[in-house]
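Good morning, colleagues. Please look at the sequence and the structure as they come up, and I shall then take you through a few selected features.

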Amino acid sequence: MKEFIKILRRFVPPYKKYLFLNIFFNILAAILTLFSFALIMPILEMLFKVKEATYSFMPIGSANIKDVAINNFYYYTQSAIEHFGQSTTLGILAGALVIMTALKTGATYLSSYFIVPLRSGIVRDLRNFVYDKITTLPISFFTSERKGDVMARMSGDVAEIENSIMSSLDMMFKNPVMIIVCLAMMIAISWQLTVFVFVLLPLAGMVMGKVGKKLKRKSLEGQNQWGVLMANIEETLGGLRIIKAFNAEEKVKNRFHAENQVFYSISNKVARRQSLAHPMSEFLGTIAIAIILCFGGSLILSGRSSMSAASFIYYMTIFYSIINPAKDLSKAAYSIQKGLASMERVDKILNTRNPITDPKQPKPVPPLSKAIDYKDVSFSYGDREVIHDVSLHIPAGSTVALVGQSGSGKTTMADLLPRFYDVAKGSISIDGTDIRDLRVYDLRELMGNVNQEAILFNDSFYNNITFGVSSATMEQVEAAARIANAHEFIINSENGYDTCIGDRGCRLSGGQRQRVSIARAILKNPPILILDEATSALDSESEVLVQQALDRLMKDRTTIVIAHRLSTIKNADMICVMHEGRIVEQGTHDQLMELGGHYRRLVEMQSLGH
């Protein structure tokens, strides 16, 4: 329950108004319930002549408020019987019971009416918080977490929180109010008998609490397994071409079926344990009623109790009215335990600390008129160091190419510049200003990226090209597309620049996707450009068109090029050869060929020798 209260403290404050209104109408409904039950007593005692006493009106202040209220109620009922007769009085009391019930049900509806914005608002806020957190987390977080599991936390776990915790909020606020009000009235009627209730209810609560804790553990296992399933689905959809190419359909089916069977078994255990809440609470409640009935009934039959038979029936009616709220409360508690397991998984995202932070006093953005400098930079993925004491001077306006075998650290070097990761040792500076002294947003505004895999969105050409640019005219977009050799195939598409390109640009060829991503970078017009294998996945014809677009894009910019196709970087101002996380050679193409070292071997391996 402490965890549930923590969740409320985190998410409820914006909706305090709705919470107060809900509690107010819950209290009103509980009080009206008691008064409607109270009408049973004069019906039993006076209409059916169980009680023959005569009552006279008592003014307020002549006795305590309870005695005055009870006496005057009996006085008015007795007067009604004398003036209108028993049948008419019975009709009046029945009408009053209907009116009281109408007021009670109206108050109950209003309590539910005002809890809905709170419940839905918290779920909306939670989705926003998780999404916002994911967009701000560093790339390093997603190298250790499976995308499918992250998706499961955003979808399945948030949905589980909505279905369990949030759907139980009404019961959690309504039922305790009803129980407290009823217990207060029971104490007023007979505190001795109510002592038994205070002994019995906590015992029942302890039994159900133990079952609830086991439910939370099983629910956590189930949600973790759901994450495994989502990761499997995401991998299958992403690798469907390879699965079919290698005839691996049966293999992936068997793997999914096995994982789905585990989820099935856990789900059965969770559902069965949750289904135990209602029968267990009903059984324990019946035991409590039987004990109270035997004990209280024996006191009245022996004449040792100050309660009348009608008061005892009223007492039992009130006590029985606690049973349903207690059962609903136990079901809600079980549901909340199930939801807390999902909240624990969501909190793993929400509580993740982002190491890439803005400085307390950020420095102004340098104009990049001098150089970018890597000074004794080292970086590790976990315990594996991939960059070792690298220093690199990149003059402003120059093109520097990073080449080398796969895994030599080229992409990591480029990723350190926009602070996708932070250096472990050393520093990276722009015009002498350490990039960690700049706001992350300002730093990344200086840069444009064109990657090996053109990352596009399921949107129109126009929205993909203007992605990240807040204000751009159609003329500017078309100009960027022309420079990128993309304008012709865009205007020949179904709806021109308004044509949707499909999921990740699936309706386009590789070369077309790449040229759209280049147009996006051209429109942004960044002073620093990072090209990561921008032409390596293209055919020769597409490569020519893309290379022409890149040449236009690189003009008058500071460019870092990562390339496997060495023919694309022959004209770079400086080529740096990386090997096992170190720069082992650097110079122009001709200089490195004369050295006859790593670079020359790479060129000869690609049959580009001179």
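Which side chains meet in a salt bridge with an N to O distance of 2.8 Å? They are the side chains of Asp-149 and Arg-153. Before I go further, please note that this is a predicted model.

Let me stay with this pair for a moment. Both Asp-149 and Arg-153 belong to helix H7, which covers residues 147-164. They stand 4 residues apart there, about one turn of the helix. Asp-149 is buried, and Arg-153 is buried as well. The pair also has partners: a network of salt bridges links Asp-149, Arg-153, Asp-157 and Arg-345. In total, the structure holds 11 salt bridges.

I will discuss two further examples. One of them joins the side chains of Arg-600 and Glu-604, at 3.1 Å from N to O. Why are these two residues about one helical turn apart? They are so placed because 4 residues separate them in helix H22, residues 598-605. Is Arg-600 buried or partly exposed? Its relative accessibility is 32%, so Arg-600 counts as partly exposed. Glu-604 has a relative accessible area of 43% and is therefore partly exposed.

The other example joins the side chains of Arg-436 and Asp-434, with an N to O distance of 3.1 Å. Here the two partners fall into separate accessibility classes. Arg-436, with a relative accessible area of 29%, is partly exposed. Asp-434 is buried, because its relative accessible area of 17% is under the 20% limit for that class.

Rolling a probe the size of a water molecule over the atoms shows where empty space is left. How many cavities of 30 Å³ or more does the structure hold? There is 1. The volume of the largest cavity is about 50 Å³. Which residues line it? The lining consists of Leu-416, Tyr-421, Asp-422, Val-423, Ser-427, Ile-428, Asp-434, Ile-435 and Arg-436. Both partners of the salt bridge between Arg-436 and Asp-434 are therefore found in this lining, given that Asp-434 is buried and that the list includes both names. Asp-431 has a phi near 50 degrees, which is a positive value in a residue other than glycine. Asp-431 sits in the loop between strand E4 (425-430) and strand E5 (433-434). With a relative accessible area of 15%, Asp-431 is buried. Leu-368 is the other case, with a phi near 55 degrees, again a positive value in a residue other than glycine. Leu-368 is found in the loop between helix H13 (309-350) and strand E1 (371-381). Is Leu-368 buried or exposed? Leu-368 is buried, since its relative accessible area is 10%.

Which residues make the nonpolar surface patch of about 590 Å²? Ile-187, Trp-191, Val-195, Phe-198, Val-199 and Leu-203 make this patch. Helix H9, residues 191-238, gives the most to the patch, with 5 residues. Val-199 is located in helix H9. The relative accessible area of Val-199 is 47%, so this residue is partly exposed.

Finally, two pairs of residues that are separated along the chain. Asn-485 and Leu-550 are 65 residues apart in sequence, and their C-alpha atoms are 9.8 Å apart in space. Asn-485 occupies the loop between helix H17 (474-483) and helix H18 (487-491). At 18% relative accessibility, Asn-485 counts as buried. In the second pair, 58 residues separate Ala-94 from Ser-36 along the chain, while 9.8 Å separates their C-alpha atoms. Ala-94 is part of helix H5, residues 86-136. Its relative accessibility is 38%, so Ala-94 counts as partly exposed.

Thank you for your attention.

Notes: Residues numbered from 1 in each chain as written. Predicted model: local features only at pLDDT ≥ 70, side-chain atom pairs only at ≥ 80, totals over all residues. Heavy atoms only, no water. Patch = residues over 30% accessible without salt bridge, like charges linked within 9 Å, V, L, I, M, F, W, Y side chains within 5 Å. Areas by Shrake-Rupley, 256 points an atom, 1.4 Å probe, with all protein chains shown as cover. Salt bridge = Lys/Arg side-chain N within 4 Å of Asp/Glu carboxyl O. Buried < 20%, exposed > 50% of the residue type's maximum accessible area, 1.4 Å probe, protein only. 1 Å grid on protein atoms, 1.4 Å probe; cavity = no way out; pocket = protein on both sides within 12 Å on 5 of 7 lines; lining within 4 Å. Points joined across faces, edges and corners; volume = space filled by probe spheres on them.
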